[in-house]
Amino acid sequence: AGMEEKALLKNVQKRYLPGFMWGQLVVWFKQTIYDPSASLSADRRGSLSLPDPESAFQASIKYVNKDRKTLIEFLERNPSNMWPLGTIWSFQNQAKVYGSPMLDDAIRVTKGQARQLHKVLNELRHPDVKL
């Protein structure tokens with residue numbers, strides 16, 4: 001191809017960001033999204049990535065029994081959904097470490113093993129420490 005054709009191809013080609021395929025797999029049902037990787041940080045909150053534990057100890061915010069109860073109820077009803085916005089949790093994941101009890105359960109099911117999320121929820125319901 002000549003120089004003009006190469007220049008034209010360069011202008012017509014779409015550039016895909018590193019998270020494009022992951023985003024495409026996660027939001028395949030939203031056909032109008034230009035950049036599927038743009039919402040990945042929100043979509044993975046809770047289901048793939050646990051919050052920073054230190055966010056529960058911020059001076060301006062107090063984690064109380066009501067917060068724990070709300071979280072347990074949410075996890076029982078919607079374990080695969082992203083955690084709701086407006087909570088005390090921060091999802092800063094600078095180490096890029098992913099994993100959660102919900103993800104572990106999904107992997108267990110693919111291996112024919114029993115789900116274990118109910119054990120995690122039971123631990124949350126009966127903490128060793130009073131809030």
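**Exercise 1. Fold pattern**

Task: Work out which pattern of secondary structure the chain follows, read along the sequence.

Solution: 
- Step 1. The pattern is α-α-α-α-α-α. The model is a predicted one.
- Step 2. Count the elements. There are 6 helices and 0 strands.
- Step 3. Residues 24 or more positions apart account for 61% of them.
- Step 4. Turn to burial. Of the 131 residues in the chain, 23% are buried.

**Exercise 2. Salt bridges**

Task: Determine how many salt bridges a search of the whole structure finds, then describe each pair.

Solution: 
- Step 1. The search finds 3 salt bridges. Side chains of opposite charge can pair when their charged atoms come close.
- Step 2. Take K69 and E73. Their closest N and O atoms are 3.7 Å apart. The cut-off is 4 Å, so a separation within it counts. Both residues lie in helix α4 (residues 65-77), 4 residues apart, about one turn of the helix. An α-helix has 3.6 residues a turn, so residues three or four places apart point the same way. K69 is exposed, at 53% relative accessible area. E73 is partly exposed, at 30%.
- Step 3. Take R108 and D105. Their side chains meet in a salt bridge of 3.3 Å, N to O. Both sit in helix α5 (residues 101-110), 3 residues apart, again about one turn of the helix. R108 is partly exposed, with 24% relative accessible area. D105 is buried, with 3%. Buried means under 20%, so D105 falls in that class.
- Step 4. Take R125 and E76. The closest N and O atoms of this salt bridge are 1.9 Å apart. The pair links distant parts of the chain: R125 is in helix α6 (residues 117-125), E76 is in helix α4, and 49 residues separate them. R125 is partly exposed, at 36% relative accessible area. E76 is also partly exposed, at 42%.

**Exercise 3. A loop residue**

Task: Locate R115, decide whether R115 is buried or exposed, and find its contacts beyond its neighbours within four places in sequence.

Solution: 
- Step 1. R115 sits in the loop between α5 and α6.
- Step 2. Its relative accessible area is 51%. Exposed means over 50%, so R115 is exposed.
- Step 3. Leave aside the neighbours within four places in sequence. R115 is then in contact with D105 and V109.
- Step 4. Compare sequence and space for R115 and M102. They are 13 residues apart in sequence and 9.0 Å apart in space, C-alpha to C-alpha.

How values were computed:
Residues numbered from 1 in each chain as written. Predicted model: local features only at pLDDT ≥ 70, side-chain atom pairs only at ≥ 80, totals over all residues. Heavy atoms only, no water. Helix = DSSP H or I, 4+ residues; strand = E, 2+ residues; numbered from the N terminus. Buried < 20%, exposed > 50% of the residue type's maximum accessible area, 1.4 Å probe, protein only. Contact = heavy atoms within 4.5 Å.
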